[in-house]
Amino acid sequence: LLDLNMPIKNGIQVIKEVKEVNPNIKCMILSMHEDPEYIIKSVQAGAMSYLLKNADHSEIIMAVKQVSSGNKYFNANVSNILINGLS
């Protein structure tokens with residue numbers, strides 16, 4: 001579970017590096033950024049979920065369970081941002 005804004009490297013860089021070492025590691029982003037560019041770049045890097053920091057605790061738990069089971073998880077708001085950003 002990574003943030004985009006971290007002291008030394010950003011979450012997208014960390015995902016790319018982790019995936020190079022072990023592509024089976026499941027990564028998730030928890031961020032305040034709703035910018036489609038961040039969401040798309042995170043998914044392209046290998047994030048299996050992108051949650052906004054205002055997500056309920058129950059949603060975070062549900063997302064972790066989905067991702068740990070091998071599924072991707074994006075709530076409706078992030079899915080809409082992702083779709084609109086790609087179109």
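Is Val-21 buried or exposed? Val-21 is exposed, as its relative accessible area comes to 72%; here exposed means over 50%, buried under 20% and partly exposed in between, with a 1.4 Å probe and protein chains only. The residue lies in helix α1, and its C-alpha atom is separated by 19 Å from that of Val-67, 46 residues apart along the chain. Helices (H or I, at least four residues) and strands (E, at least two) are DSSP runs, numbered from the N terminus.

A word on the model comes next. This is a predicted model, where local features need pLDDT of at least 70 and side-chain atom pairs count only at pLDDT 80 or more, while totals for chains, interfaces and linings use all residues. Residues are numbered from 1 along each chain as its sequence is written, and side-chain values use heavy atoms, with hydrogens and water left out.

Now to the helix packing. Helix α1 (residues 11-21) and helix α2 (residues 36-45) have axes that come within 9 Å and cross at roughly 10°. That makes α1 roughly parallel to α2. Axes are lines fitted to C-alpha atoms, for helices over the stretch in contact, and angles run from 0 to 180 degrees between N-to-C directions; those under 35 degrees count as roughly parallel, over 145 as roughly antiparallel, 65 to 115 as roughly perpendicular and the rest as oblique. On the α1 side, Ile-12, Ile-15, Lys-16 and Lys-19 meet Tyr-38, Lys-41, Ser-42 and Ala-45 of α2, a contact being heavy atoms within 4.5 Å. Sorted by class, the contact of α1 with α2 has 4 nonpolar, 1 polar and 3 charged residues. In this scheme Ala, Val, Leu, Ile, Met, Phe, Trp, Tyr, Cys and Pro count as nonpolar, Asp, Glu, Lys and Arg as charged, and the others, Gly among them, as polar.

Helix α2 also packs with α4, at an angle of about 90° and with the axes 9 Å apart. That makes α2 roughly perpendicular to α4. Here Pro-36, Ile-39, Ile-40 and Val-43 in α2 meet Val-78, Ile-81, Leu-82, Gly-85 and Leu-86 in α4. The tally for this contact is 8 nonpolar, 1 polar and no charged residues.

What are the buried residues of α4? They are Val-78, Ile-81 and Leu-82. Seen down the axis of α4, these buried residues fall within an arc of 100°, so they line one face of the helix; the arc is that of the directions from the helix axis to the C-beta atoms. An α-helix has 3.6 residues a turn, so residues three or four places apart point the same way. The buried residues of α4 pack against α2 and β2, whereas the face turned away from them carries the exposed residues Ala-76, Ile-83 and Asn-84.

Leaving out residues up to four places away in sequence, Tyr-50 touches Leu-4, Ile-29, Ser-31, His-33, Tyr-38, Ile-39, Ser-42, Tyr-73, Phe-74 and Val-78.

Ser-49 sits in strand β2 and, at 0% relative accessibility, counts as buried. Beyond four places in sequence, Ser-49 touches Cys-27, Met-28, Ile-29, Ala-63, Val-67, Tyr-73 and Phe-74. Phe-74 itself is found in the loop between α3 (57-68) and α4. With neighbours within four places set aside, Phe-74 is in contact with Val-43, Ala-47, Met-48, Ser-49, Tyr-50 and Ser-79.

Finally, Gly-46 lies in the loop between α2 and β2 and counts as buried at 19% relative accessibility.
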